[in-house]
Amino acid sequence: ATPNAAHMLALNHVDFGIQAGESIAVMGPSGSGKSTLLHALAGIITPTAGNVMFRGANLARLSDADRTKLRRSAFGFVFQSGQLLPELPAIENIALPMMLGGASYQQATDTAMLWLERLGLRQLAQQRPGEMSGGQMQRIAIARALAAQPAVIFADEPTGALDSETSVQIMNLLQEIAKDKLIIMVTHNPELASKYATRTVRLLDGKIVGDDNPCTESETSAPVTVKVKEHTSMSFATAMSLSLHNLMTK
């Protein structure tokens, strides 16, 4: 998989299989292609050559609309900064992807509250990101990623902006609540990778130079047709409800 580049390849002949239940740490120096690999696997970018297969479907050949539906229904994302919307309280930050997937405001916020309670964050439900610590924002981001019950969680330096104690708490949380999911995590921290990942893939100059627990062909060869929801846009009524709610709170 090789995204556009004028003089060099961001990823060069990267070829490997992944199976459900793995927790993969992608490591390498800056500029080695870690984030590019993550974005290609998640269908955020389209490779100029090669295939990205998920449940029998080639993400590289899906339309933009179908990749968007797939990201909403099967993928969850946790980024270094959390990337929460500053205008929304925690409960609505968690609920928003579900509403974009067609859930009503009430359904989405009810599910969001269940996740807040599960993670011990109920007291943060109405707080906005500017009122939270870095660790709290990252926990809300994890709740948002998990609320839609994704099959795969992509984490790009999820502890990069946190202190060591909070980083351990975040990794323990991911490990505890995502045992049955596939986690693909970019990290610079070898200690976290060795402790929490079941497999470490190392990149250098866009190539895989190390894989300590590769899948065999038999483990990854059973294709399953990708199924995506037909109604994946927020309804007008839900959008109006969300807008009016935020106007009233302000």
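Predicted model: local features only at pLDDT ≥ 70, side-chain atom pairs only at ≥ 80, totals over all residues.
Reader: What is the overall make-up of the protein chain in helices and strands?

Author: The protein chain contains 8 helices and 8 strands. Of its 250 residues, 47% count as buried. The chain exposes about 12,800 Å², of which carbon and sulfur atoms supply 52%.

Reader: What share of the contacts between residues at least 6 apart in sequence joins residues at least 24 apart?

Author: Within the protein chain, that share is 74%.

Reader: Why is helix H3 called roughly parallel to H5?

Author: The axes of H3 (residues 90–100) and H5 (residues 134–147) cross at roughly 25° and come within 8 Å. Angles under 35 degrees count as roughly parallel, and H3 is therefore roughly parallel to H5. The crossing of these two helices is right-handed.

Reader: Which residues of H3 and H5 meet?

Author: From H3, Ala90, Asn93, Ile94, Pro97 and Met98 take part, and they meet Ile140, Ala143, Arg144 and Ala147 of H5. By class, the residues of this contact comprise 7 nonpolar, 1 polar and 1 charged.

Reader: What is the handedness of the crossing of H4 and H5, and which residues make the contact?

Author: H4 passes H5 in a right-handed crossing. Thr111, Trp115 and Leu116 of H4 make the contact with Ile140, Ala143, Leu146 and Ala147 of H5. This contact has 6 nonpolar residues, 1 polar residue and no charged residues. Ile140, Ala143 and Ala147 of H5 are named in this contact and also in the contact with H3.

Reader: Why are both an angle and a distance quoted for packed helices?

Author: Two packed helices are described by the angle between their axes together with the distance between those axes.

Reader: How do you know whether glycine 31 is buried or exposed?

Author: Glycine 31 has a relative accessibility of 74%. The cut-off for exposed is over 50%, and glycine 31 therefore counts as exposed.

Reader: Where is glycine 31 placed, and what separates its C-alpha atom from that of leucine 203?

Author: Glycine 31 lies in the loop between strand E1 (23–27) and helix H1 (34–41). The C-alpha atoms of glycine 31 and leucine 203 are separated by 9.5 Å, while the two residues are 172 residues apart along the chain.

Key
Residues numbered from 1 in each chain as written. Heavy atoms only, no water. Axes fitted to C-alpha atoms, helices over the stretch in contact; angles between N-to-C directions. Helix = DSSP H or I, 4+ residues; strand = E, 2+ residues; numbered from the N terminus. Parallel < 35°, antiparallel > 145°, perpendicular 65-115°, else oblique. Left-handed = near helix turned anticlockwise from the far one by under 90°. Contact = heavy atoms within 4.5 Å. Nonpolar A, V, L, I, M, F, W, Y, C, P; charged D, E, K, R; others polar. Buried < 20%, exposed > 50% of the residue type's maximum accessible area, 1.4 Å probe, protein only. Areas by Shrake-Rupley, 256 points an atom, 1.4 Å probe, with all protein chains shown as cover.
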